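Reader: I have not looked at this structure before. Please take me through it in questions and answers.

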2 protein chains.
Amino acid sequence: MEKLLCGVDLGGTKLAVGLMRPDGKLIDREVVYDHADKDEHEVVRRIGDTVTTLLSRQAVKVGDLAGIGVGFAGHLRFRDGVTITSSNYKGFKIKNFPLRGSIEKIFPTRVVVDNDANAQGFAEYRYGAGAGHGSMVFVTLSTGIGAGIVLDGRIYRGMTGTAGEVGHMIVNPDSPFVCGCGNHGCWMAHASGLALPQIVRRKREQGVPTSLALSDAEWERIDGKTLGEGLRANDELARAVVGECADYTGIGLYNLFQIFNPNVFVLGGGLMSWGSPFMDRIREKFMALVREMMFDPVQIVASRLEQDAGIIGAAALLLDPG
Amino acid sequence: MEKLLCGVDLGGTKLAVGLMRPDGKLIDREVVYDHADKDEHEVVRRIGDTVTTLLSRQAVKVGDLAGIGVGFAGHLRFRDGVTITSSNYKGFKIKNFPLRGSIEKIFPTRVVVDNDANAQGFAEYRYGAGAGHGSMVFVTLSTGIGAGIVLDGRIYRGMTGTAGEVGHMIVNPDSPFVCGCGNHGCWMAHASGLALPQIVRRKREQGVPTSLALSDAEWERIDGKTLGEGLRANDELARAVVGECADYTGIGLYNLFQIFNPNVFVLGGGLMSWGSPFMDRIREKFMALVREMMFDPVQIVASRLEQDAGIIGAAALLLDPG
């Protein structure tokens with residue numbers, strides 16, 4: 001019997017565990033939401049309990065697994081599976097922690113731990129919108145912006161394992177917008193969920209009209225969902241903000257195009273729910289910058305595995321040739 | 001007997017051919033300067049004649065070669081060795097031309113044709129400042145800015161073969177500076193030989209004082225050499241221009257750091273003759289942006305093969321695992 005893959009999607013809002021066949025078919029999943037404010041040891045215990053629950057329910061033994069893949073929302077040192085920092089979620093703090101080693105202590109099987117964008121990118125390469133392409137850059141447009149880079153069928157990780165932090169690329173050094181990292185004018189400071197309040201604030205200061213009726217406090221924590229509602233209602237402010245995020249995303253992708261000359265860009269993440277007005281404008285900005293410099297057509301497409309990409313990606317890590 | 005490698009450095013100012021041993025030792029070289037304004041067929045004839053001259057002088061037969069590697073100053077489609085466009089040199093125009101095929105017709109041996117920055121980067125990886133590093137980004141700071149990206153011992157070329165065009169990365173979309181490509185605010189528009197006249201013009205408009213005594217026409221075609229003289233004489237304008245080029249180079253390298261997480265950056269090209277005031281400020285800007293985000297130290301070093309990098313790189317292309 002072919003061995004099953006277990007995927008653990010360890011994020012700041014949910015901890016999702018799935019059992020998957022090597023062809024990408026998800027057999028079962030289990031999701032937990034109360035782990036984020038716990039300490040590292042407790043988080044690992046939750047992972048252990050959730051994996052065990054799932055295995056029992058499916059009558060699968062640890063020995064029937066090809067291993068456990070973990071997609072982690074943060075930086076980690078790939079060579080030893082030790083976390084460096086976790087992503088910008090409140091309460092979710094797993095720093096300098098031997099995540100791989102801790103899970104290996106619970107389950108006698110192969111454990112691979114990687115950044116969640118790498119995992120999702122690899123899943124898109126194996127089963128989704130990047131399938132069959134020699135070089136693919138997956139970009140997640142979400143609370144932050146990150147990438148999973150798959151070159152010649154392998155995840156490219158760099159020296160430490162932190163390659164693909166494309167959201168920190170400086171695209172406007174004179175920008176007033178500051179990123180969580182402290183720098184001005186990162187892509188992420190201009191086009192991510194975290195950036196939305198400061199983009200909205202500036203548009204309002206510039207007098208862009210809006211029909212959105214929000215309190216001051218609501219304006220200050222405005223998110224992609226609210227702007228999406230505004231977009232569908234053809235609100236001028238929402239359109240302007242989404243347009244600016246699209247323009248900066250067009251710049252970011254153009255830069256990655258010049259650097260990687262990839263076959264395809266696959267875009268995922270929550271902001272993609274803005275739909276075609278967003279995607280069309282990203283492509284338009286990208287093509288305006290590309291001018292005469294594209295010699296084989298590069299595709300910009302939406303991810304296909306959005307719903308379960310986290311779990312599928314984590315499980316697929318076991319199939320990366322490394 | 002180990003086979004010799006023949007390297008052809010096909011640039012817009014010189015055509016240099018060399019014979020090299022696989023250990024990187026250059027045995028002999030021949031340089032021609034009158035090819036640049038000739039048509040493609042004449043350029044190929046010059047290559048043929050120069051290679052033949054060199055082989056005769058060293059009593060080497062074509063059959064004694066492992067092949068001929070060609071580093072081309074421009075874009076080309078790697079899969080079939082057809083040029084796309086040549087770089088920004090006056091008179092040097094080799095477009096849509098089967099460069100590899102034309103050389104294969106003259107010499108019955110293996111021919112590899114690649115971009116000159118890829119070739120130089122690979123030479124630095126094999127024999128120079130990048131030796132022994134898992135992932136290396138070579139950046140040439142010259143008339144333009146380009147990169148040779150070597151990952152896990154192989155040149156990374158992308159879909160068409162045009163990966164590494166890092167000079168076209170947009171680092172300031174609101175910039176008044178225009179690149180040869182037509183876009184505003186590329187790295188190359190802020191820190192390359194081609195950009196120097198516009199940077200100097202703005203500094204002079206801003207009233208930055210200078211002791212350089214140049215005519216209006218000389219100011220309009222100021223180059224790295226003249227600014228280097230100013231720098232050594234501690235001229236304020238020269239220091240300001242070199243400082244600005246260094247700052248934008250720091251931004252460019254920082255962006256590549258976040259994307260590739262490489263072991264080492266190797267910097268080459270004519271602007272490196274500005275020496276330590278330039279290099280120190282590049283490192284300073286880079287580290288100011290890196291903040292707490294570097295977990296294994298990345299090195300920024302000068303290329304070691306500067307003088308013959310073009311020929312050595314071209315010859316070394318024959319050793320790229322592909």
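**Salt bridges, the interface and buried parts**

Author: Arg77(A) has a relative accessible area of 25%, so Arg77(A) is partly exposed. The model is a predicted one.

Reader: In which helix of chain B do both Lys225(B) and Glu229(B) lie?

Author: The side chains of Lys225(B) and Glu229(B) form a salt bridge of 3.8 Å, N to O. Lys225(B) is exposed at 60% relative accessibility, and Glu229(B) is partly exposed at 42%. The two are 4 residues apart, about one turn of the helix, and that helix is α7.

Reader: Which residues do salt bridges with shared partners join into one network?

Author: Side chains of opposite charge can pair when their charged atoms come close. In chain A, bridges that share partners make one network, and its members are Asp34(A), Glu42(A), Arg45(A) and Arg46(A).

Reader: How many salt bridges does the structure hold over all chains, and how many lie between chain B and chain A?

Author: Over all chains the count is 36. One salt bridge that joins the chains is formed by the side chains of Asp296(A) and Arg79(B), at 2.9 Å from N to O. Between chain B and chain A the count is 2.

Reader: Which element gives the most residues to the side of chain B that touches chain A?

Author: Across this interface, 34 residue pairs are in polar contact. The elements of chain B that give two or more residues to the side touching chain A are β9 (145–151), α8 (236–260) and α9 (276–290). With 8 residues, the element that gives the most is α8(B).

Reader: How do the residues on the side of chain B that touches chain A divide into nonpolar, polar and charged?

Author: The contact takes 46 residues from chain B and 46 residues from chain A. On the side of chain B, the division is 25 nonpolar, 15 polar and 6 charged.

Reader: What area is buried between chain B and chain A?

Author: Carbon and sulfur atoms give 57% of the buried area. Of the area that chain B buries against chain A, 19% comes from Met159(B), Ile259(B) and Phe295(B), more than from any other three residues. The area buried between the two chains is about 3800 Å².

Reader: How far from Glu40(A) is the nearest side chain of opposite charge?

Author: Glu40(A) lies in helix α1 (residues 40–57) of chain A. Beyond its neighbours within four places in sequence, Glu40(A) is in contact with Lys93(A), Ile94(A), Lys95(A) and Phe97(A). Glu40(A) is buried and has no salt bridge; the nearest side chain of opposite charge belongs to Lys95(A), at 9.2 Å.

Reader: Is Thr140(A) buried or exposed?

Author: Thr140(A) lies in strand β8 (residues 135–141) of chain A. Leaving aside neighbours within four places in sequence, its contacts are Ala117(A), Ile145(A), Gly146(A), Gly268(A) and Gly269(A). The relative accessible area is 14%, so Thr140(A) is buried.

Reader: How many residues of helix α10 of chain B are buried?

Author: The buried residues of α10(B) include Ala309(B), Ile312(B) and Ala316(B). Among the elements of chain B that cover them are β1 (4–10), β2 (15–20) and α3 (116–127). Helix α10 is largely enclosed by the rest of the structure because the number buried is 8 of the 8.

Reader: What is the phi of Arg291(B)?

Author: Arg291(B) lies in the loop between α9 and β12 (299–302) of chain B, and is partly exposed at 41% relative accessibility. Arg291(B) is not a glycine, yet its phi is positive, at about 50 degrees.

Note on methods
Residues numbered from 1 in each chain as written. Chains lettered and ligands numbered in written order. Predicted model: local features only at pLDDT ≥ 70, side-chain atom pairs only at ≥ 80, totals over all residues. Heavy atoms only, no water. Contact = heavy atoms within 4.5 Å. Buried area = accessible area lost by both parts, 1.4 Å probe. Salt bridge = Lys/Arg side-chain N within 4 Å of Asp/Glu carboxyl O. Polar contact = N/O pair within 3.5 Å; in protein donor to acceptor, adjacent residues only side chain to side chain. Nonpolar A, V, L, I, M, F, W, Y, C, P; charged D, E, K, R; others polar. Buried < 20%, exposed > 50% of the residue type's maximum accessible area, 1.4 Å probe, protein only. Lys, Arg positive; Asp, Glu negative; His and termini not counted.
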